[in-house]
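This report goes through one protein model step by step. Keep the sequence and the structure in view while reading.

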Amino acid sequence: MEKNALTPAKELPACPVETTLTLISDKWKVLILRDLMPGTKRFGELKKSIGHVTQKVLTSQLRQMEQSGLVNRKVYPEVPPRVEYTLTDLGYSLKPILDSMQNWGEQYKASLSQSGARNPD
């Protein structure tokens, strides 16, 4: 992807945390990142691995991530067309954030089961 196609820095929030959230704040984007970390996937593979996301939403999220420079999209000139998605180096650089989210989620679940905490519903 061409560098000039990315969002200009002047249009991003001043706060670095807010900038990161702007790029990956949607639930589906984080799951797309998670599922592309091991390597390239086709659209159908992503849709299946993510779960209850609609085709329209997944397409929209992938386009936004492509525009942000997080994902590369490659279309093969076949019939029917084959489209593959791969994280860019910038996308892969989010791995420590996803690893931290996974670790925190595991610790949180463990703390709930150890304390016998229940939902307040």
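## A loop and a strand

Proline 80 is found in the loop between β2 and β3. The model is a predicted one. The peptide bond that leads from valine 79 to proline 80 is cis, and its omega is near -5°.

Strand β2 covers residues 71–76, and asparagine 72 has its place there. With a relative accessible area of 34%, asparagine 72 is partly exposed. In sequence, asparagine 72 and glycine 91 are 19 residues apart. In space, their C-alpha atoms are 9.3 Å apart.

## Overall layout

The protein contains 6 helices and 3 strands. Read from the N terminus, the order of the elements is α-α-β-α-α-β-β-α-α. The protein has 121 residues, and buried residues account for 27% of them.

## The nonpolar core

In soluble globular proteins, nonpolar side chains tend to be buried together. In this model, the largest nonpolar core has 22 residues. Ile50, Leu58 and Tyr85 are the residues with the most contacts inside this core.

Which elements give two or more residues to this core? They are α2, α3 (43–50), α4 (55–67) and β3 (82–87). The element that gives the most is α2, with 6 residues.

## The largest pocket

The volume of the largest pocket is about 220 Å³. Its lining is made up of Lys27, Val30, Leu31, Arg34, Met37, Lys95, Leu98, Asp99, Met101 and Gln102. By type, the lining residues divide into 5 nonpolar, 4 charged and 1 polar.

Helix α2 (27–36) and helix α6 each supply at least two residues of this lining. The most comes from α6, which gives 5 residues.

## An aromatic pair

A pair of aromatic rings is described by the distance of the centres and the angle of the planes. How many aromatic pairs does a search of the whole structure find? The search finds 1. The ring centres of tryptophan 104 and tyrosine 108 are 5.2 Å apart and the planes are at 10°, so this pair is stacked. The reasoning rests on a cut-off: planes under 30 degrees apart count as stacked.

Tryptophan 104 and tyrosine 108 both lie in helix α6 (residues 95–115). They are 4 residues apart there, so about one helical turn separates them. Are these residues buried or exposed? Tryptophan 104 has 56% relative accessibility and so counts as exposed. Tyrosine 108, at 42% relative accessibility, counts as partly exposed. The cut-off for exposed is over 50%.

## Charges over rings

At tryptophan 28, the charged end of lysine 27 sits over the ring, 4.7 Å from the ring centre. Lysine 27 is also one of the residues that line the largest pocket.

At tyrosine 76, arginine 82 lies over the face of the ring. The distance from arginine 82 to the ring centre is 3.7 Å.

How values were computed. Residues are numbered from 1 along each chain as its sequence is written. This is a predicted model: local features need pLDDT of at least 70, side-chain atom pairs count only at pLDDT 80 or more; totals for chains, interfaces and linings use all residues. Side-chain values use heavy atoms; hydrogens and water are left out. Rings of Phe, Tyr and Trp (its six-membered ring) pair if their centres lie within 6.5 Å; planes under 30 degrees apart count as stacked, over 60 as edge-to-face and the rest as tilted. Buried means under 20% relative accessible area, exposed over 50%, partly exposed in between (1.4 Å probe, protein chains only). A charge sits over a ring if NZ of Lys or CZ of Arg is within 6 Å of the ring centre and within 35 degrees of the ring normal. On a 1 Å grid over the protein atoms alone, a cavity is a set of points where a 1.4 Å probe fits but cannot get out, and a pocket is an open set with protein on both sides within 12 Å along at least five of seven lines; lining residues have an atom within 4 Å of a point. Grid points are joined across faces, edges and corners, and a volume is the space filled by probe spheres set on the points. Ala, Val, Leu, Ile, Met, Phe, Trp, Tyr, Cys and Pro count as nonpolar, Asp, Glu, Lys and Arg as charged, and the others, Gly among them, as polar. A nonpolar core is a set of buried Ala, Val, Leu, Ile, Met, Phe, Trp, Tyr and Cys residues joined through side-chain atoms within 4.5 Å.
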